[in-house]
Amino acid sequence: MKKMIPVFIVLIGLQVGGVASVIAESDADRAASCSTYARNQAESTSEPGRSTLGSGVRGAAGGALFGALIDGGKGAGRGAAIAGGLGLLSGSMRGSQDRESNYRYYYESCMRGKM
């Protein structure tokens, strides 16, 4: 009987360890599938290029107006080019931030089981 107790303890330990590894694997699988789901949702809900182009057009228009007021026709062209480029950059960064925010939202919802 005394020899049986350590054997039972070892068997119980193996069972608990096996259950813990299965739980860990399922959490990793869930995280991977939620990551894929969130990435797909974030990409499908974003409107690529729309905010970027809109920001560029608004920047170019504002820059042309400002440049025309300062230096006439030459200034309008320079102002449109500079402000349009800056508008494109800011619109692109904003679009990336929106996609990242959407990704986090969908990932967290998935991990909580609200998918």
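Reader: Which cut-offs stand behind "partly exposed"?

Author: Buried means under 20% relative accessible area, exposed means over 50%, and partly exposed is in between (1.4 Å probe, protein chains only). The model is a predicted one, in which local features need pLDDT of at least 70 and side-chain atom pairs count only at pLDDT 80 or more, while totals for chains, interfaces and linings use all residues. Residues are numbered from 1 along each chain as its sequence is written, and side-chain values use heavy atoms, with hydrogens and water left out.

Reader: What does arginine 104 meet in a salt bridge?

Author: A salt bridge here is a side-chain nitrogen of Lys or Arg within 4 Å of a carboxyl oxygen of Asp or Glu. The partner of arginine 104 is glutamate 100, at 3.7 Å from N to O. Both residues lie in helix α2, 4 residues apart, about one turn of the helix. Glutamate 100 is also partly exposed, at 41%.

Reader: How many salt bridges does the structure hold?

Author: The count is 3. One of them joins arginine 99 and glutamate 43, with the closest N and O atoms 3.9 Å apart. That pair links distant parts of the chain, 56 residues apart: arginine 99 sits in helix α2 and glutamate 43 in helix α1. Relative accessibility is 26% for arginine 99 and 48% for glutamate 43, and each counts as partly exposed. Another salt bridge is formed by the side chains of arginine 78 and aspartate 71, at 3.8 Å from N to O. Here too the residues are partly exposed, arginine 78 at 49% and aspartate 71 at 43%.

Reader: How many helices and strands are in the protein chain?

Author: Helices (H or I, at least four residues) and strands (E, at least two) are DSSP runs, numbered from the N terminus. The chain has 2 helices and 0 strands.

Reader: Which cysteines form a disulfide?

Author: A disulfide is a pair of cysteine sulfur atoms within 2.5 Å. The structure holds 1, between cysteine 34 and cysteine 110, whose sulfur atoms are 2.0 Å apart.

Reader: Why is the disulfide left-handed?

Author: Because the torsion about the S-S bond of cysteine 34 and cysteine 110 is about -70°. Cysteine 34 is buried, at 0% relative accessible area, and cysteine 110 is buried at 2%.

Reader: What describes a pair of aromatic rings?

Author: The distance of the centres and the angle of the planes. Rings of Phe, Tyr and Trp (its six-membered ring) pair if their centres lie within 6.5 Å; planes under 30 degrees apart count as stacked, over 60 as edge-to-face and the rest as tilted. By this rule there are 3 aromatic pairs. In one of them, the rings of tyrosine 103 and tyrosine 107 have centres 6.0 Å apart and planes at 15°, so the pair is stacked. These two tyrosines are 4 residues apart in helix α2, about one helical turn. Tyrosine 103 is partly exposed, at 22%, and tyrosine 107 counts as partly exposed at 24%. Tyrosine 105 and tyrosine 106 form an edge-to-face pair, 5.2 Å centre to centre with 70° between the planes.

Reader: Which residues do ring pairs link into a cluster?

Author: Tyr37, Tyr105 and Tyr106. Tyrosine 106 is buried, with a relative accessible area of 18%.

Reader: What does serine 55 touch?

Author: Contact means heavy atoms within 4.5 Å. Leaving out residues up to four places away in sequence, serine 55 touches Gly87, Leu88, Ser90, Gly91 and Arg94. Serine 55 is in helix α2 and is buried, at 5%.

Reader: And for the chain as a whole, what share of the residues counts as buried?

Author: Of its 115 residues, 18%. The chain exposes about 8300 Å², of which carbon and sulfur atoms supply 66%; this area comes from the Shrake-Rupley method with a 1.4 Å probe, and for residues only the protein chains shown count as cover. Among contacts with a separation of 6 or more, 74% are between residues 24 or more positions apart.
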